[in-house]
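Colleague: I'd like to learn how to read helix packing and sheets in a model. Could you walk me through it?

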Amino acid sequence: MTSSRTIEVKSLARVEGEGALTITMDGDRASSVELRIFEPPRLFEAFLRGRAAFEVPDLTARICGICPVAYQMSSVGAIEDALGIVVDEPIRLLRRLLYCGEWIESHALHVFMLHAPDFLGYDDAFAMARDHGDMVRRGLAIKQVGNAIVATLGGRAIHPVNVRVGGFYRVPARAELVALLPGIDDALAAARVVASWLAGLDFPDLERDYELVALRDDRAYPFCDGRIASTAGLDIAVHDFDAVFVEEQVPYSTALHARVRARGPYLCGPLSRFALNADRLGDAARETARTVGLVAPCMNPFRSILVRLVEIVQALDEARHLITNHVPPDRPYADAPARPGVGHGATEAPRGMLYHRYELDERAMITDARIVPPTSQNQKTIEDDLRAVASTLAALPHAEATLHAERIVRNHDPCISCSTHFLDLRIRR
Amino acid sequence: MIVIGLGQRAAGDDGVGPVIVDGLRAIGRPDLALLEVAEPSGLISLLATSEPVVIVDAVVDGESEGELVELAELPRGMRTVSTHGIDLGQAVALAGLLAGAPHIHFVGVTIACTSGAYLSAAVAAAVPRAIERILELATAGCSRCCRTAGSPSDARCRRSTARSAHRSRPRRRRRTGATSRP
């Protein structure tokens with residue numbers, strides 16, 4: 001006899017934004033999985049219309065408090081593409097440094113405050129801090145280094161204001177950058193200690209057959225540059241995004257679901273970057289990967305915590321390299337006359353690829369905007385992860401099944417607030 | 001005594017904490033350690049101290065601008081700004097777990113605007129009053145008495161705490177810390 005039951009998490013904890021989860025079980029099979037995102041639509045794409053292109057990085061930075069740099073980088077990339085601006089190499093490198101700061105602070109927060117408690121059986125980081133205070137302290141110290149990098153390049157730590165189309169409003173002096181080095185060295189040392197600790201966590205067995213999608217850059221581990229690649233052989237220019245990917249509405253969520261047109265759901269984020277760019281990691285990050293036992297590709301979403309640590313080390317190490325080899329740019333930004341056009345930009349936000357597309361009129365005013373955040377791209381795959389563990393959930397008592405289901409969601413560090421700025425608002429009557 | 005200005009410069013009135021620290025620095029009080037931090041998670045390492053601490057921050061109460069708010073103890077369960085950040089109450093609680101929190105006296109200035117590069121006129125007008133109040137706390141030894149006795153014993157401190165207790169019953173939802181929506 002099969003029995004049916006419903007696992008319902010009315011408000012997901014330790015994820016950003018307002019979301020819920022309903023799994024309808026039919027025996028040991030999930031007949032329905034709905035990751036319900038009820039964060040109100042934020043309509044960013046609509047209110048960008050009619051604004052000047054130079055305003056966009058400051059407006060899009062407000063979409064997210066933990067990944068504003070990603071929104072700034074994807075938006076300036078798209079607008080520079082439309083205006084035909086190629087930024088100077090020192091500016092490109094300073095943007096990478098800024099992005100390093102964002103990865104460090106975002107990943108550190110997720111690893112130490114949101115994700116690690118799952119593996120150790122604590123309700124939250126506060127409970128974990130009683131027994132693992134040294135690790136929490138190290139994690140927070142690493143996060144502060146990321147904050148300091150963002151504040152130095154971005155003008156302030158939260159919602160930075162120094163990024164502009166073509167470059168920066170002000171380039172920091174060399175001394176300001178060099179002042180970051182002691183903190184970066186301390187954070188690298190802390191990450192080495194943390195690596196051994198994280199490697200000893202108990203990771204549930206779950207191997208998924210993801211199509212992993214990320215930027216791949218010939219020169220380096222990807223931040224702002226490269227083509228869109230996947231483990232299924234995809235290799236396209238960023239401006240072909242819409243030809244390959246499609247977003248669709250589902251009735252229970254204010255975030256759109258994305259899929260590869262020809263195939264289906266996919267995953268972006270740390271697992272994808274690591275799978276497609278492990279050969280671009282620096283020596284320090286490779287060493288960390290060895291320490292924690294990671295080999296690319298990693299298809300176990302629980303082990304994403306390890307990949308985030310590898311990426312923290314990569315970002316710290318690259319930040320160190322960029323500062324040590326810093327060449328001041330001749331000018332803080334490149335300018336270009338207004339012109340009509342369409343531009344595309346994709347960068348690697350901490351939780352995955354973030355795509356922007358803008359249409360500009362002859363005065364460089366925005367006539368159309370499109371923003372595809374990583375969480376909406378991953379939403380369908382997160383639901384499929386839950387389907388994949390349905391038999392495990394069925395065997396667990398309700399409270400444990402609920403906790404396990406939440407863990408499946410948190411593996412991907414979803415940022416629900418980011419994902420809910422869809423444009424097509426439909427009212428059913 | 002340590003004074004920590006919490007908030008972001010170039011974020012309108014959210015920068016009132018750092019601006020107050022600037023004012024204290026200009027006065028020149030070598031007995032005060034003056035620090036600044038942009039967001040609450042940065043507080044945790046600064047609170048690993050046995051020195052009494054004054055945290056000065058912007059407060060949104062939905063009703064006023066430029067009014068001083070004092071709390072001798074932070075209420076628990078203050079609204080979290082975002083799960084992708086740590087709010088002031090959480091930062092103090094976590095600091096306590098990690099190192100044992102020092103005595104913390106909270107001085108807030110109510111604000112309404114987090115846009116623009118500078119403070120609004122109403123909030124800027126409150127800066128000298130906040131500085132005066134922090135200097136009172138430092139010179140009267142209020143924090144020292146609070147630290148040693150575990151509860152306010154100085155008359156000046158009691159008055160402050162009594163006012164704080166009254167003010168800490170919010171008529172409307174209050175939140176502190178970074179005021180923009182992450």
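Modeller: Happy to! An axis here is a line fitted to C-alpha atoms, for a helix over the stretch in contact, and angles are taken between N-to-C directions, from 0 to 180 degrees. Keep in mind that this is a predicted model.

Colleague: At what angle do the axes of helix H4 and helix H8 of chain A cross?

Modeller: Roughly 30°, and the axes of H4 (residues 89–120) and H8 (residues 181–199) of chain A come within 12 Å. Angles under 35 degrees count as roughly parallel, so H4(A) is roughly parallel to H8(A).

Colleague: Which residues make the contact?

Modeller: H4(A) brings Val111(A), Phe112(A), Ala116(A) and Leu120(A), while H8(A) brings Val194(A), Trp197(A) and Leu198(A). By class, this contact has seven nonpolar residues, with no polar and no charged ones.

Colleague: Now the sheet, please. In what order do the three strands of the open sheet in chain A lie?

Modeller: The order is S11-S12-S13, with antiparallel pairing. Strands S11 (341–349) and S13 (366–372) of chain A are at the edges with a single partner strand each, so one side of each has no neighbour in the sheet. On average, neighbouring strands are turned by 15° against each other, direction ignored.

Colleague: How many bridges join S11(A) to S12(A)?

Modeller: Nine, with S12 of chain A covering residues 352–360. As one pair to look up, Val342(A) has Glu359(A) in S12(A) as its bridge partner.

Colleague: Which helices pack on these strands?

Modeller: Helix H3 (residues 68–83) of chain A lies across S11, S12 and S13 of chain A, at about 150° to S11(A). Helix H13 (residues 374–388) of chain A also touches S11, S12 and S13 of chain A, and its direction makes about 130° with that of S12(A).

Technical notes. Residues numbered from 1 in each chain as written. Chains lettered and ligands numbered in written order. Predicted model: local features only at pLDDT ≥ 70, side-chain atom pairs only at ≥ 80, totals over all residues. Heavy atoms only, no water. Helix = DSSP H or I, 4+ residues; strand = E, 2+ residues; numbered from the N terminus. Parallel < 35°, antiparallel > 145°, perpendicular 65-115°, else oblique. Contact = heavy atoms within 4.5 Å. Nonpolar A, V, L, I, M, F, W, Y, C, P; charged D, E, K, R; others polar. Pairing = 2+ DSSP bridges.
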